[in-house]
Each structure stands twice: as C-alpha cells, then as structure tokens.
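Here are a few notes to read alongside the model. Take them in order, with the viewer open.

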Amino acid sequence: MEQIALNLGERSYKIIIADGILDDIGYIIKRQFSWKKIMIITDSNVSKLYAGRVAASLENAGLQAFVEEIPAGESSKSLARAEELYNAALDCRLDRNSAIMALGGGVVGDLAGFIAATYMRGIACIQVPTTLLAQVDSSVGGKVAVNLQRAKNIVGAFYQPSLVVIDSSVLSSLPDREFREGLAEVIKYGVIKDAGFFRWLEENASRLRLSSSDLVYAIKRSCEIKAGVVSQDETEQGIRRILNYGHTVGHALETIFGYGTLLHGEAVALGMVFEARIALLRGIIDERTFLRIEGMVRSAVPVVMPYEPDRDRLIEIMSLDKKNLNEKIVFILPETLGRVGVYTDVTKEEILQAFTIG
Ligand SMILES: NC(=O)c1ccc[n+]([C@@H]2O[C@H](COP(=O)([O-])OP(=O)(O)OC[C@H]3O[C@@H](n4cnc5c(N)ncnc54)[C@H](O)[C@@H]3O)[C@@H](O)[C@H]2O)c1
C-alpha cells in the first residue's frame, strides 16, 4: 500500500493507493474518522460494478451507507442534478457528521465534491476515483464544479477532500479509450516535473495494463507530483498553473468540437503536442525533446482531430479562457524534459505557425 500526504495545514489529507483496496475502504475510514453516515454518489456504469462492494465494506465497518446513482456522462455535471442530490442528502438525513463519497470518474468526482462543498455549507468528502484520469488528476487537489449550458466548470470551488482512496484494480474494467486518455495526464507529469519518470514511461507505458505494480507506481508518482504542486499553491495563483500544460489548446479543442467528441485527456494530448511545437518554434526546446514528447504522447494516446478546426475561432476561444492573465492567453511551455515555464507573450502568428507545420 502506498501513501502520499497532501500538506495543506488543517486541510491536509492522505492519498492511499493499492491494488485491490476497495473492500477495505470501510475499515480505512473507520480507523481515521468518526462519520456515521456516508452517501455514495456514483454513476450508472460504476454502480453496477463497484457500488455494492463499497457499500458492503462500509456496512461491515459499522457505517451507514446510502447509494445515489446518476446517469453516466458529462451532462450529469449540472445544477439540476446537484439539486436532486441535495434532496437525496436531506432524505438520508445527512448532517455535518456525515460524508459524501465520490465513487467514479471525473464527472462523479467533480459533482459529488461540489455537493460536499455546498451541502450544509460543507461536509466531508472522500474521493474514490475509478478512471485513470480521476486517479491521477481530478480526485486530487480539490477542484470541484458543475457546468452551465454555455460554460464548462464555471460554477465551483476549491474544496479539498478528507481522504482519497485509489484502487488500481478497478481500472481493469475501464475501456481502453478511457484508460489511454488518463495516460495523457500521466505523461504530462513527466514533462512538467520529472524527466526520469518521463523516461520510465517511454519504456513502460505500453504495458501498464499488464503489470499491477507498474500501474500503482505510475499512479503514485503522478499523485506525488500533483500533491507537491497543490501543496505549494492550493488556489492556482502561481505554480499550480504548470498543471495546465496541454490544457490551453486542449480546452479550446474540447469547446470547438463540442464536449463528448474528444475525451478530456485526448484533447490534452493534442494540446501537449501543439504547445511543445510552439516551444520548438521559439527555440525553447530542441527538436530531439520535441520528438520525444510527440512520440510518447502519440503512441500512448492515439487520437486525431475529427476535422480541421477554424483557427481564428480556436484562438478566440483561447482568449476567453478563465485561466487567462490580464486578458493574455497563458501557455505552459516545456523548457526541457521535467521543466516548464509560464508564458503570456505567445503571439497569434506563432499559434498559426504551429498549426501550419502540425
Ligand atoms: N477537478 C479536476 O481537477 C479535474 C481535472 C481533470 C478533469 N476533470 C473533469 O473530469 C471529467 C472527466 O472525467 P473522466 O474522464 O473520468 O470521465 P467520466 O467520469 O465520464 O468517466 C468516463 C466513463 O468511464 C466510466 N467508468 C468510470 N470508471 C469505470 C471503471 N472502473 N470501469 C468501467 N467504466 C468506468 C464512466 O461511467 C464513464 O462512462 C470532466 O468533467 C472534467 O472536467 C476534473
């Protein structure tokens, strides 16, 4: 069993990672916390596979468990769905000595975290992520949100969970496409912070689904890097921005193609290659580094754009991103493997040039 501490003073918490830990979750919670009732929020796919086991584990540890199922998919991250869940929480008489558990991918994690952040002005939250993307990214760091029709993740909060429990064995039921989108975020950690991890991924990424110890290692190293960054900058005023490598272009691609066409990790994969190309054109990285990033991303996350996007529209979307600074588009560009920098001076011409040779 691997344990990582995310240090944020009184909001610190543990991330526990192991292969096959799902059935022990009740005892893990019971040992550390005094909650009596736990409402498990899960989606229609994950519910069938794992909700019964998790609820049984909680009951065996003497906790009262309630399961609330939402339809799988991004459209569940809505205020309407949130209202249903607040009512369910009231029906179960959840109070401040209760907890919400997110059992699922990033959709469930973001929505359930949002409910925990706002129900009764905040009750405890346990993240039990079941996609690779959620295990290495969305369950750690406390960003929770719902979407409005016209803008994604626009209503939300920074609300840290009290505990994250990651069972790598649940990834065996994850479809290959969803597994690969999670790899995009894993590769991102190598590029932004750890050249040795990047090299390890070049050698091992293709067999992660076959080796539970390698998979646990990849998840652990990713969570360590994310926890280290978030510990220094919880609310993204500075260094946390480096986690957005690949996301400036990635988010714009998600928007232009419509959510659901590209998976989030696929859009980030395209964004990482595109942004590395901007770094190459600027002479920040050399060709060999660019080719290593491109080769790693393309072999792990095979994805092509559904069609050639309108470039001016793409730049317009980027210029409206909520992460921009003083109306300037923020790019996180690789400077070498294991290090990135924050750039706000990338010109429209450079972006168009990166397209032309892409
Ligand atoms: N909060 C953050 O920091 C953060 C970071 C990145 C992404 N996100 C959000 O995460 C969401 C995307 O998350 P996602 O990619 O995990 O999508 P998802 O939650 O929709 O899960 C993908 C699909 O896999 C299914 N699934 C989940 N676990 C499974 C398992 N073990 N076996 C079989 N099927 C399983 C789900 O039912 C779903 O159909 C987006 O809403 C995005 O905005 C949040």
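1. Which residue is the bridge partner of Met 39 in strand 5? The partner is Ile 100. Strand 5 (residues 98-104) runs parallel to strand 3, and six bridges join the two. Strands count as paired if DSSP finds at least two bridges between them.

2. Before going on, a word on the basis. This is a predicted model: local features need pLDDT of at least 70, side-chain atom pairs count only at pLDDT 80 or more, and totals for chains, interfaces and linings use all residues. Residues are numbered from 1 along each chain as its sequence is written. Helices (H or I, at least four residues) and strands (E, at least two) are DSSP runs, numbered from the N terminus.

3. Strand 3 also pairs with strand 4 (residues 64-70), in the parallel sense and over seven bridges. In strand 4, Glu 68 is the bridge partner of Ile 41.

4. Strand 3 (residues 37-43) is largely enclosed by the rest of the structure, because six of its seven residues are buried (20 or more other C-beta atoms within 10 Å of a residue's own, C-beta atoms being placed from the backbone; exposed is 12 or fewer, partly exposed in between).

5. Now a loop. Met 120 sits between helix 4 (106-118) and strand 6 (124-129). Its phi is near 50°, a positive value in a residue other than glycine. Met 120 is partly exposed, with 13 other C-beta atoms within 10 Å.
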